[in-house]
Structure formats: C-alpha cells, structure tokens
Amino acid sequence: MITQSINHPTPPYAHGNFEHYEALGWLFKRCTQLLPTEDRLTLISSMFSQMPCFKLEESAGCLGFYGYGVFLKTMISGWGEVEWHRVFNFLCSFTNLLPKIKMAVTGTPGVSCSLELQLRLFCRQVLLDPWPGKGTLFWLTRILKPWPMVLQARLLFILYGPLMPDGTLAWQGIVEREMSRSALWQMASVIGLLYSNLDHLTDWTTDTMQTILEELIVLPEVWHMKNVARLFVLCGDTVCYSFLANKLHNGQLLEVSRLIVHIILVCEKNGYSMNEVVRMVHQVCQGLDTSERFAFIQRLEDMFSEVTMELIEIVTAGNHHEDMGPFQTLRSLLQSRAHFHAKFLHMTLQNE
C-alpha cells in the first residue's frame, strides 16, 4: 500500500498531499519502531526498489521523489546525526548516487542534460527541499563534501541554478542574457545558508566559499555581469563584502570596481536600497590605507565612466540586447550613479 501510494502520487501540494505522505511515514515509523536502524533501512530498500523513480535513469518526470522526501523526513524525525549519516550512505548505495554525480560534474555542462535534471530532481525533492534550515544544510554538505571545490561549484549550479523555459539548466542563458531575481534566488539562498553556518562547518571556510563562488560565476564561461551582480545582491551584505574584500586584498581592483558599478545598477533597476551598497563600499574603504583608498575611489569613478561609454556605444550602434533596452539601462546607470554619489557623500560627511 505504501509503495503504491508513493509511486503514483497526485501532483505536489494537491489535496493535502503533505499530510498523506506524513501519515504514511508515521505508519512505517510505528510499525518498525522496535527494529534496529539497519533493518529499517533494509525494509525501505525492499519497498522502494520496486519504484522506477529510484532507478535514476528512469526518473524524469517522476513525482515519486516528492512523496518519498516527505515520507523520509517523517520517518527519521528524532533520529540522531549518526543515523542520518547512515541514511545518506544507504541512499547513495541504493541509487548509485555518487557515480551519477561524478558523471554529471566532470562532463561538459549541458551535454548530459537529462542526467543533470535527474540528479536535481532526486536531491532537491528527497533530501533538500523537505528539510528547511539546518536539515537542508546537513544533506547539502553531505552531497558536496566528496568533491573538490571546482566540482562543488558545478554541483551547486546543477542543484540550484536557473532553468530555461524548456526545463533544462540555463548554462548558456546565464552567460548570454540578464536573468531575473527569481531565477537566481534559490542559488543565492543556498550560498547564504552555507556562509551563515561557516562557524559550524568543519570542511568549509570563508576561503573555501570564496573559491567556490569564483568557480561558480565562470560556469560554463564568464557570466553576464548583471547576473553576477544580482547574485551578490541577493546573497546579502555579508557574502558580498567578504567576496569584494578578498578580491581587493588580492589586488583585483579592476574586477571589484566593475562588480560594484553593476551592483549599484542592479539596485537602481530593481528598487533595492542604495544605503546598503554605500555602507558596503565604506566598509571596504576602511580596510585600506589612505593611498589605497584614493586609488580604489578613483578606479570606481573610472569604471562608472567606462560602463557609461560602453552603453552609449551600444545605443549608437543600435544593438538592443539588454532586457530593459539600451536607453533604459543607460538612464538607470546615470540615475544610480547620482543616487550612489549623493548617499556616499552624505555618509562621508556624517562620519567626519
């Protein structure tokens, strides 16, 4: 009965399906509560081996993952972390998960699109989405841990990257065109989750996350600059400042200036407060000596002029590839520059 109910669910969120799968999980939990963990996992293996979903190559479009995610969350509620590790190892063995991930993250991005989507579907619906907060963090770090940082970046994109209208990952879309806030929100949220828990993670540090982010924003090639800026705006001040300060420390003044200009532009276009950007720039300046500070401000002003001239050239050439149109983007840039300077001068005078 349990197998049939999970393998043929109605669409997610319909008819109180959460309650249905929770009830199945509680039923299984109570029926097996006297058994040791190994025996419980063996029973689960026997039950779910009958489902096409758990042969990952047959999982495209399968709704069974959704039901199993809720079922599993209910069944192991109250279990300790050691038992959660055993559950993860069981799932890896049962679904051949790690070899599948290796195939996806070491191949050319987008070539094995069906495998990428199968992995995304399984990991998101079974392990990541049903557990908010610390539960998501536990499963995500288990999924990422076996891989070097460059492949962790690839895996993060597979799991949380934006999708094209046809449902495939937007590997080229994120390089070629500006993405919306909603398209980048999930990726920004999970990056923020990792950053906010670095004190509790033994295998990730600020430097680790810096490297992962550096790798992420050049997958499969260097991203459209507004997508990089929007991602950092959505990640929040802590992630953004950490990234910029690290780059400045490594002498990458040009890259920092260009990114800040586009962050300012994104804030203007999307109605975000300019105060946060100004505070972040002030914070960056405080870590520099007087000569470095002057060079940084001068480089930032030069970058405003360079980006303005780039947009003017696009307008005069008649190349209309920007989502908002070249005239509107140029107008937004000029407005954002004025707003940023006004806020920056106001804060500077207040601090004197």
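1. T32 is buried, at a relative accessible area of 5%. Buried here means under 20% relative accessible area, exposed means over 50%, and partly exposed lies in between (1.4 Å probe, protein chains only). T32 sits in the loop between α2 and α3 (37–48). Setting aside residues up to four places away in sequence, T32 touches R40 and L43; contact means heavy atoms within 4.5 Å.

2. On the source: this is a predicted model, in which local features need pLDDT of at least 70 and side-chain atom pairs count only at pLDDT 80 or more, while totals for chains, interfaces and linings use all residues. Residues are numbered from 1 along each chain as its sequence is written, and side-chain values use heavy atoms, with hydrogens and water left out.

3. The protein chain has 18 helices and zero strands. Both are DSSP runs numbered from the N terminus: helices are H or I with at least four residues, strands are E with at least two. Of the 352 residues in the protein chain, 50% are buried. Its accessible surface is about 16,600 Å², and 56% of that belongs to carbon and sulfur atoms; the areas come from the Shrake-Rupley method with a 1.4 Å probe, and for residues only the protein chains shown count as cover. Taking contacts between residues at least 6 apart in sequence, 70% join residues at least 24 apart.

4. The largest nonpolar core has 112 residues. Such a core is a set of buried Ala, Val, Leu, Ile, Met, Phe, Trp, Tyr and Cys residues joined through side-chain atoms within 4.5 Å. The residues with the most contacts inside the largest core are L72, W139, I191, L216 and F340. Helix α15 (residues 253–270) gives the most to this core, with nine residues.

5. Which residues is F340 in contact with, leaving aside its neighbours within four places in sequence? They are I264, M274, V277, V278, V281, L300 and F304. F340 is also one of the α18 residues that meet α16.

6. Helix α16 (residues 274–286) and helix α18 (residues 326–351) have axes that come within 9 Å and cross at roughly 55°. Axes are lines fitted to C-alpha atoms, for helices over the stretch in contact, and angles run from 0 to 180 degrees between N-to-C directions. The two helices are therefore oblique to each other: angles under 35 degrees count as roughly parallel, over 145 as roughly antiparallel, 65 to 115 as roughly perpendicular, and the rest as oblique. The crossing of α16 past α18 is right-handed. A crossing is right-handed if the near helix is turned clockwise from the far one by less than a right angle, and left-handed if anticlockwise. On the α16 side the residues involved include M274, V277 and V281, and on the α18 side F340, F344 and M347 are among them.

7. Helix α9 (residues 149–160) packs on helix α11 (residues 181–196) at an angle of about 130°, with the axes 9 Å apart. That makes α9 oblique to α11, and their crossing is right-handed. L156, F157 and Y160 in α9 meet Q186, M187 and V190 in α11.

8. T136 belongs to helix α8 (residues 134–144). Its relative accessibility is 9%, so T136 counts as buried. Beyond its neighbours within four places in sequence, T136 is in contact with L128, W131, Y160 and L193. T136 and L193 are 57 residues apart in sequence, with their C-alpha atoms 9.0 Å apart in space.

9. α6 and helix α7 (residues 113–128) pack at about 135°, with axes 10 Å apart, which makes α6 oblique to α7. Here the crossing is left-handed. L97, K100, I101, M103 and A104 in α6 meet L115, L119, F122 and C123 in α7.

10. Two backbone details remain to check. N96, in the loop between α5 (81–95) and α6 (97–106), has phi near 60°, a positive value in a residue other than glycine. N96 is partly exposed, with a relative accessible area of 40%. The peptide bond from L219 to P220 is cis, with omega near -5°, and P220 lies in the loop between α12 (206–216) and α13 (225–235).

11. Is Y21 buried or exposed? Y21, in helix α2 (residues 17–31), is buried, with a relative accessible area of 0%. Y21 and Y66 are 45 residues apart in sequence and 9.2 Å apart in space, C-alpha to C-alpha.
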